[in-house]
Amino acid sequence: MAEIDPVTLAVLAGRMEQIADEMDATLFRSAFNPIIAEAHDASHGIYDAETGETLVQGKSGLPIFVGVMAFAVKAVIEKFARHGDVTEGDVFIFNDAHIGGTHLSDMRLVQPVFRDGQLFCYLASVGHWHDVGGAVPGNYNPSATEVFQEAFVLPPVRLYRAGELQQDVVDILLRNSRMPVSAQGDLNGQINALGLGVRRLDALIDEYGAETIDAALKALTERAGRLMAAEIEGLPDGRWEAEDFLDNDGISPEALAIRVALEVRADRLTLDFTGSAPACQGPVNIALPTSIACCYVAIKHIFPALPANAGVMRQIDIRVPEGSLLAADFPAPTGGYTETILRMIDVIFSAAAQAIPERVVANAYGTINALSIAGRRSDGRRWVMFSFYGGGHGGSLESDGLNHGNAPISTATIPPAEILEAAYPVIFRQWALRPDSAGAGMHRGGLGAIYEIEVMEEMGAQAFLFGERGRFAPKGVAGGGEGALNHFSYQTDDGWAEPPLVSKMVGIALRQGQRVRLETPGGGGYGPPGRRAPEAVARDVALGFINEDAATESYGDAWKGARA
Amino acid sequence: MSPARSGRMIGVDVGGTFTDVFLLDEAAGAVQVAKVPTTRPDQSGGFLAGIARVAEDLGTVGTVVHGTTAGTNALLERKGARIGLITTQGFRDALEMRRRDRRATWGLRGDYVPVVPRDRRFEVPERTLADGTILEEVDIAAVEAAARALIDMGCAAVAIAFVNSYANPGNERRAAEAVRALWPNAHVSASAEILPEIREFERTSTTALNAYLQPEIAGYLDRLEGALRGGGFAGEFLIVQSNGGVMSVETACRLPVRTALSGPAAGVIAAGYIAECAGFSDVITGDVGGTSFDVALIAGGASRLAAQTSIDFGLVVRTPMIEITTIGAGGGSIAWVDKGGLLNIGPESAGSDPGPVAYGRGNDRPTVTDANVVLGRIDPDRPIGGGLERLDVAGAAAAIDAHVGKPLGLDTLAAAEAILKVANARMAGAIRLVSIERGHSPARFAFMPFGGGGALHACALLSEVGLARAIVPRYPGVTSALGCVIADMRQDFVQTLNVLGDALDEAATGALIQAHADEGMGLLNASGVSFEARDVVVEFDMAYVGQTHTVPVPVPVVVEGGRVTPPSRAEVAEAFDAAYRSTYGRLLPGGTRRVLNLRTAVIGRRPKLDLALLAPGAGASAEAARQGTRRVHIGEEWHETALYDRLTLPVGAEVAGPAILAQPDTTILIEPGFTGRVDRFGNLIIERAGA
């Protein structure tokens, strides 16, 4: 391996990150579908030619993809490259979540990059498509018991063979989507992003030479490993455990345990999920690649300066029991993977907080709360309003948690109520912070939200919800209290009703004028409530964030004499 | 000469550290510049002191134009007024909930404090639907009760923002009338008056920030105007907006939120004008400040406008503003080696206080400026501004050794070069971002450094990005003040339409454009300024149905005798296809066009300044400009480098690198292999030797 001087390395690190960022930006701009264009549910990067490990990844894509995309590349290496079956100009495509992680909506494209006839590295692009077939539009099917009810499954196949587009594959893809125009647009966007990445990388290699670039990529991996090792060495040695539960799998009412033991020995860290529930019938299973990527997300939230590079993971041993819901086998459904990884992040935070409370924030609201309201208009046109809803973040050593934030695995913003009201026959009766939802603490959690939505369409509507945290509240750390539970209710002809499975339900029939009401969890608190400044409590009371009785119960009487 | 140009014009740009003044006396064919320290918290002291430096008799001054950071600072420091918000039942918290974002992708730390706390946000019964239907009339008694409560709470201003008021402002307007009747107060901001555009958070935030700034900014501008008038000033007082145009002081008092990025915008306007006069209409500007590097791209003489910006997390201002890309790599940015052994620059900065190690004010971590000092690029005996006697070269070298040299195994000079190389690479990245990544080839563009620090890095950036040349303006440190003097007057209007392209009502759209044009022309008339020309520029925000990203679609409209001839549906459709194709390279077959917003800009073109006034006078000579030599480290070795007094170089002078050109507000480094040439406006054009 060629040596690389530290200055060239610093320059090249920025140049290569910029290539990945520019691939992200290319897709965000040109994607037709708002899940990519607005919510940035996509990612791009550069991956090792031998191992498929992440070398560089764009900064603006979805956090969970940092870590999961290497598995897409590894899948192509296993199936094709191992057998010498890749050629310059090939592009592979697939969505199989059991091989590549996350869920079937995420379409992955992998392109080998050649230099002087030699395989140099891989580029990859992943993006969340609007619709990939299956039983329900948008592929979030809470009652799925097999992947086949969620979407069509595409294993890794060639989209381009030696530079030639395989139109047969494109035809199969588009025929299996309810929204072929959108799918075609996203596919083109991803192809464009890869093409741009190849051009930019080629130009960089021309400028610096293949040996130097190769040396830089290897040096960046070494550096990532050293950074992670240095962070772990700063932690006390020991073993800390945490557990939490999912409400249920959407099919049967049993709670599902997720357990972790976090162990630190010198410069190595182990995350052992032994004791977590076995794979379940409903769609809260996740595949092993998703579990590993999720560990990376949790670690990077604790140590935000870590780079998006596989070197980080070399210092970490991850043990996921076979047959558990964290390593479910094909064809177990995985469409609700977001709920499970949010809970994994929560238990990792809870365990880490015992070792290094100053570095860890309390649990955030912990559910994506996918709520769909759909129906037909009088003229027969179909409408589907599908969105994720926000909640409170956890308190930290420095401050209270953020009110109404987005999920730790995502950076997506919520559409404005006015955009939703203009597009769908609904009216938001309430779009508000949820009082009394924050976990108590020296720094309390952020507040959750209340969304109350009324159906305006005279034909009525059908609703479904895929949520969590209806039975087990977001936890505090370092002595902080729990946030409020997720609470969903809907109007029937006999008054307000609640789902039998609390946070998940399909087939809710609503007439014109009837409403659904989603009250989302707040974040957990940080530190003992007794250490909260009385002025801060008095201020929360004055602002209506907490009622007087609850304030006294959590924090005692001291706030009553304090200036808000 | 037009009446507005009679007498003299003064541009004043108040920045974080310095207040810059540019005086143009066209009759006498002279300009004057001055730089005084910015006064805080009240900027009016520095403003008036600066003016006093260039004009004793304000009676001879025709126009004063002001670019200000007063609004930005009030937002960043949360020093606006105590205000209240009246909103639709159920939406009290929309302002605090934002768009469900967070501060940073990684880390999940930090909270958010809105400018209006929850106990000063009142809900009233009322409801308008997205199609403009009023579902529930506004409860005026509830509005009055809310207004009384806000008065009792000591509020100085109030914002009123109702859901869907962009579609029908009726309820909101009635509420505003009721508040104004009950509470005689100039500071009542109604959202549909300020931004009749869909998206309740962005509209509410912009309206609330307007109210938050209003008492402060109106008071500040009143004080300035009073002092100017007291000094005998009888001309026009104009304020620069974030869109790069100026507005009257009355408009600024009503819409202070439009000043949020006033200062930097004026700089970009000036840069574009200087470059165009010099014969280059494609230019990338780069302002190296203490903590950041700000880049803007001007293609074909036009700068890009962004629709909105966040002044800070959650402080969203939606009003057209010149698009400026900022990265955290300025002169004060700190160089450090991470635990993985990688050299980083910023984002942490020593700013201007304590500033670089060389300032000797207590910072001991090396900055980009320290690297420039150690390498001899900055004269330690003549520091720019700041009032320092001498820079501490040894201290800077020791800090570089300790924090960069030792961990990387480099000697002092190699470590200092490494810092500059990585800093230049980061700046180059920002230039690539606004050029290559947007489809512009850098080889077509000139680079214009302005601000104090940019000209030291110009040659490195030319090499790194492949830019054609650099243009260093005659007075780079007062570019923004110069921009004040030349900016056009501009009013922007927006109205959400949200209709399918085929359903666009031509007559109603024409009436809206007419109303915008009438109001804009009225403001131009009332300003007392005279113009060379007046333009009405119309743009629609459009997309295909199902898409959320809109593209700006310019549509030419004819205005004759004040009457607007509206564009036809077919013209709008055609313009969309052209705009969409140029953005995405292809159309969507079978897609349905949708018109989200109408945007109208009414522009009064002000007569342009003849930049030849800035050129060096007869006394300039290359001989007189030479000031000996200094050792400067460039690349891997010391070069005995010629020193020049930049302002004394005559038109046509050529200087081969290596050379250092010094002037009071900046230092220019011409590296070996480059040549600088003084053009007829006094700009220094730097190109590769032999180019």
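These are my notebook entries on a predicted model, taken topic by topic.

**Entry 1: the two chains together**

I began with the place where the chains meet, and I found that 50 residues of chain B are in contact with 61 residues of chain A. Sorting the side of chain B that touches chain A by class, I listed 19 nonpolar, twelve polar and 19 charged residues.

**Entry 2: the nonpolar core**

Next I looked up the largest nonpolar core, which holds 400 residues, and I asked which of them touch the most other members. The residues that do so are A:Ile348, B:Val158 and B:Ile419. The largest share of this core, 13 residues, comes from helix α12 of chain B, which covers residues 412–434. I wrote beside this that nonpolar side chains tend to be buried together in soluble globular proteins.

I then followed A:Ile348 and, leaving aside its neighbours within four places in sequence, I recorded that A:Ile348 is in contact with A:Val260, A:Leu262, A:Leu271, A:Cys295 and A:Ala298.

**Entry 3: the domains of chain A**

How many residues of domain 1 of chain A are in contact with domain 2 of chain A? I found eleven residues of domain 1 of chain A in contact with eleven residues of domain 2 of chain A. By class, the side of domain 1 of chain A that touches domain 2 of chain A has seven nonpolar, three polar and one charged residues.

**Entry 4: a sheet in chain B**

Last, I traced an open sheet of four strands in chain B, in the order β31-β32-β34-β35, and I noted that the pairing is mixed. The edge strands are β31 (626–634) and β35 (666–670) of chain B, each of which pairs on one side only. From one strand to the next, the twist averages 30 degrees.

Within this sheet I looked at strand β34 of chain B, residues 659–663, and found that β34 and β35(B) pair in the antiparallel sense over five bridges. Which residue stands opposite B:Ala662 in β35(B)? I noted that B:Thr667 takes that place, opposite B:Ala662.

Technical notes:
Residues numbered from 1 in each chain as written. Chains lettered and ligands numbered in written order. Predicted model: local features only at pLDDT ≥ 70, side-chain atom pairs only at ≥ 80, totals over all residues. Pairing = 2+ DSSP bridges. Helix = DSSP H or I, 4+ residues; strand = E, 2+ residues; numbered from the N terminus. Axes fitted to C-alpha atoms, helices over the stretch in contact; angles between N-to-C directions. Contact = placed C-beta atoms within 7 Å. Nonpolar A, V, L, I, M, F, W, Y, C, P; charged D, E, K, R; others polar. Core = buried A, V, L, I, M, F, W, Y, C linked by C-beta atoms within 7 Å. Buried ≥ 20, exposed ≤ 12 C-beta atoms within 10 Å, placed from the backbone.
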